[in-house]
Amino acid sequence: MTSSAATGATALLRAHALRKSFGRTEALRGASVEVAQGEVVALTGPSGSGKSTLLLCLAGVLRPEAGSVTHDGTRLDDLPEAARTRLRRREFGLVLQFGQLVPELSAVQNVMVPLLMERHGRAAARTAALAWLDRLGAGGLADALPGDLSGGESQRVAMARALVTGPSIVFADEPTGALDRVSGEEVMEVLVSTARSTGAAVLLVTHDNRVAAYADREVVLRDGAVEDPAAVR
Ligand code: ADP
Ligand code: MG
């Protein structure tokens with residue numbers, strides 16, 4: 001693993017002192033993390049340490065109670081709802097443990113969804129979606145329904161959907177958690193190499209050391225805070 005720790009000046013995404021509670025559970029107690037442009041960061045830590053909560057706060061899905069998330073100099077919480085949603089759609093890709101594909105839509109239709117929401121024309125969206133499926137080794141699956149896909153195939157489709165808008169960062173929460181070892185490693189390989197070839201940064205939650213090995217840097221969460229402040233600076 002090389003250390004290319006993000007600095008304040010170059011950070012693409014910067015979370016500072018995030019706090020988030022669910023009832024009495026303090027999931028995040030002042031978590032800070034930075035991701036540089038194009039950097040692949042693995043977020044690890046024990047179950048329940050707040051990894052998913054941190055990822056969802058960074059991705060703008062959950063709102064932290066305190067602290068700030070800044071993308072390319074823009075504070076997410078300063079933005080009105082509509083602008084925040086627009087930024088999320090354009091700049092962020094999200095891949096969760098189970099593909100979360102829309103079951104009624106074919107693979108290619110699932111990949112088209114983010115483009116249609118951005119008001120791209122249907123024909124152009126389809127062309128782009130097919131190209132992304134191809135790039136992720138899922139070109140032959142375009143017309144398949146999610147229910148007919150294996151776990152690894154579903155994740156390839158989910159990755160195509162995450163990348164089709166050309167995000168500056170992809171958030172992946174245990175993307176290989178539901179896969180066997182071989183398809184898990186294939187999925188990781190494809191995710192990281194594709195992100196690297198597009199210049200997208202990746203924040204990857206995993207409790208798997210083999211997966212963490214694909215990252216440039218590892219950030220460890222424990223009890224809702226980053227364990228080694230030196231890793232964040
Ligand atoms: P990890 O992903 O590291 O396993 P999580 O971020 O999922 O950790 O959870 C951190 C803590 O917050 C845990 O105690 C978990 O039970 C709690 N938690 C997470 N999400 C919710 C939720 N939606 N409602 C209630 N408690 C939650
Ligand atoms: Mg989790």
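**Note on the predicted model: sheets, ligand shell and loops**

1. Val-95 stands opposite Ala-172 in β7. The model is a predicted one, in which local features require pLDDT of at least 70 and side-chain atom pairs count only at pLDDT 80 or more, whereas totals for chains, interfaces and linings use all residues. Residues are numbered from 1 along each chain as its sequence is written, while chains are lettered from A and ligands numbered from 1 in the order in which they are written.

2. Helices (H or I, at least four residues) and strands (E, at least two) are DSSP runs numbered from the N terminus, and two strands pair if DSSP finds at least two bridges between them. β7 also pairs with β8 (residues 201-205), again in the parallel sense, over 5 bridges. Within that pairing, Ile-169 stands opposite Ala-201, and Leu-204 is the bridge partner of Ala-172 in β8.

3. These strands are part of an open sheet of 6 strands with mixed pairing, in the order β6-β7-β8-β3-β9-β10. Its edge strands are β6 and β10 (225-226), each pairing on one side only. In general, the strands of a sheet pair through backbone hydrogen bonds, in either a parallel or an antiparallel manner.

4. β7 is mostly covered, with 5 of its 5 residues buried. A residue is buried if 20 or more other C-beta atoms lie within 10 Å of its own, exposed if 12 or fewer, and partly exposed in between, with C-beta atoms placed from the backbone. Ile-169, Phe-171 and Asp-173 point one way from β7, and Val-170 and Ala-172 point the other way. Helix α5 (residues 151-163) lies across β6 and β7, at about 165° to β6. Axes here are lines fitted to C-alpha atoms, for helices over the stretch in contact, and angles run from 0 to 180 degrees between N-to-C directions.

5. The largest nonpolar core has 69 residues, and Leu-133, Ala-160 and Leu-204 touch the most other members. Such a core is a set of buried Ala, Val, Leu, Ile, Met, Phe, Trp, Tyr and Cys residues joined through C-beta atoms within 7 Å. Beyond its neighbours within four places in sequence, Ala-160 is in contact with Val-111, Ala-129, Trp-132, Leu-133, Leu-136 and Ala-138; contact requires C-beta atoms, placed from the backbone, within 7 Å.

6. A second sheet, open and of 4 strands, has antiparallel pairing and the order β2-β1-β4-β5. β2 and β5 (74-75) stand at its edges with a single partner strand each, so one side of each lacks a neighbour in the sheet. β1 (residues 11-22) and β2 pair over 9 bridges in the antiparallel sense, with Leu-18 opposite Ala-31. Helix α1 lies across β1, β2 and β4 (66-71) and runs at about 125° to β1.

7. The shell around ligand 1 consists of Phe-22, Thr-25, Ala-27, Gly-45, Ser-47, Gly-48, Ser-49, Gly-50, Lys-51, Ser-52 and Thr-53. A residue counts as near a molecule if its C-beta atom, placed from the backbone, lies within 6 Å of it. The elements giving two or more residues to this shell are β2 (25-36) and α1 (51-58), and α1 supplies the largest share, 3 residues. The shell divides into 2 nonpolar, 8 polar and 1 charged residues. Ala, Val, Leu, Ile, Met, Phe, Trp, Tyr, Cys and Pro count as nonpolar, Asp, Glu, Lys and Arg as charged, and the others, Gly among them, as polar.

8. Of the 8 residues of α1, 7 are buried, including Lys-51 and Thr-53. α1 is followed by Gly-60, with a positive phi near 75°.

9. Most residues other than glycine have a negative phi. Asp-72, in the loop between β4 and β5, has a positive phi near 50°; Asp-72 is partly exposed because 13 other C-beta atoms lie within 10 Å. Glu-174, in the loop between β7 (169-173) and α6 (181-198), has a positive phi near 45°; Glu-174 is buried, with 21 other C-beta atoms within 10 Å.

10. Ala-178 also lies in the loop between β7 and α6, and is partly exposed, with 16 other C-beta atoms within 10 Å. Leaving aside neighbours within four places in sequence, Ala-178 is in contact with Gln-97, Phe-98 and Gly-151. The C-alpha atoms of Ala-178 and Asn-209, 31 residues apart along the chain, are separated by 15 Å.

Conventions: Contact = placed C-beta atoms within 7 Å.
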